[in-house]
Amino acid sequence: MADNHLAQSLSGGLIMLKEMAEQLPPSERKIALYIIENPHEAIRCTANELGELSSTSASAVIRLCKSLGLGGLQELKLRVAGDMRKSDKEGFTDFQPNEPQPSIVQKVTANSIQALLETAEIMNYDSLSKAVEALIRAKSIHFYGVGASAVIAQDAQLKFVRINKCTTSSPDFHLSAMLVAQSSEDDVVVGISFSGETFEVAKILELAKEKGATTISLTSYGLSPLSEIADINLYVSAKQEEVFRSAATSSRLAQLHFIDILFMCVLTSQYEASIQKLDEVRMGINFIKQN
């Protein structure tokens, strides 16, 4: 009964496997491809059976689960089963030259919804819990991103400062470095980059680790320089670079969506105090609006 409930609430296993397949070691890649091609059979297998069917080993199956950031084979099977219970989806849709405006409206909307759904499907709740706990404990929080991700960092700052968190964000690389250079083990630094490869963000996280701060990355799903550096890895929807110019909009929404999730998790864990702070902020805004 519990497994059925989990299978309905977990999904994204096939998305994870497809995104990670090319980045995995050969033995783990063979298992990933087998599961992608034979999901119905795979979810009924033990680690030993899956190893035999994919011409690998049970230990390789366990390593694959670790590479995906999952708790074990059971979680992977539940996520794959969750994918199979869903009706077929169109996925991300590309755009064509001289696309009619009604079609653009429909496609942009569908792509945005898909990005949000995939972000929820690949959610690692253990990592989410660790990130929320770190943010709750943090003496100060610094969000940093470059380009479009800088907008996400600023949005995060505006949210968390409302509940009395000492929060900073700056698109200026040197200013951010100065702020992070003054951080300590009581602080949290969040690096935001959809690609997970932005040089400046990686350097900021490296500096934060040197200072002993807890580091969190928010990237698209998969291995990346940022995920290698950060203490806690958070992921948004899988990469869709092949989509004509639409990945920037979809990824931005997915990142904003994840910031909202973090904010609400922190807020609800300290509900009474947070509501009081929000009321104080609201009163302050109303005060300065008065003539």
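1. Helix H2 (residues 13-20) and helix H3 (residues 26-37) have axes that come within 10 Å and cross at roughly 135°, where axes are lines fitted to C-alpha atoms, for helices over the stretch in contact, and angles run from 0 to 180 degrees between N-to-C directions. H2 and H3 are therefore oblique to each other, given that angles under 35 degrees count as roughly parallel, over 145 as roughly antiparallel, 65 to 115 as roughly perpendicular and the rest as oblique. The crossing of H2 past H3 is left-handed, a term that applies if the near helix is turned anticlockwise from the far one by less than a right angle. Leu14, Leu17 and Lys18 of H2 make the contact with Ala32, Ile35 and Ile36 of H3, contact being defined as heavy atoms within 4.5 Å.

2. This is a predicted model, in which local features need pLDDT of at least 70 and side-chain atom pairs count only at pLDDT 80 or more, whereas totals for chains, interfaces and linings use all residues. Residues are numbered from 1 along each chain as its sequence is written, and side-chain values use heavy atoms, with hydrogens and water left out.

3. The protein has 15 helices and five strands, which are DSSP runs numbered from the N terminus (helices H or I, at least four residues; strands E, at least two). Of its 291 residues, 46% are buried, where buried means under 20% relative accessible area, exposed over 50% and partly exposed in between (1.4 Å probe, protein chains only). Among contacts with a separation of 6 or more, 70% come from residues 24 or more positions apart.

4. The five strands form an open sheet in the order E2-E1-E3-E4-E5 with parallel pairing, two strands being paired if DSSP finds at least two bridges between them. E2 and strand E5 (232-236) are the edge strands, each pairing on one side only, and the twist averages 15° from one strand to the next. Helix H12 (residues 199-210) packs on this sheet, where it touches E1, strand E3 (188-192) and E4, and its direction makes about 165° with that of E3.

5. The chain passes from E1 through helix H10 (residues 148-160) to E2 in a right-handed β-α-β crossover, meaning that, with the strands pointing away from the viewer, the path from the first strand over the helix to the second runs clockwise.

6. Gly222 lies in the loop between E4 and helix H13 (225-229) and is buried at a relative accessible area of 4%. Leaving aside residues up to four places away in sequence, Gly222 touches Met20, Gln23, Ser227 and Tyr235.

7. Most residues other than glycine have a negative phi. Ser55, however, has a positive phi of about 60° although it is not a glycine; Ser55 lies in the loop between helix H5 (47-53) and helix H6 (58-67) and is exposed, with a relative accessible area of 56%. Asn164, also not a glycine, has a positive phi of about 70°; Asn164 lies in the loop between H10 and E2 and counts as exposed at 53% relative accessibility.
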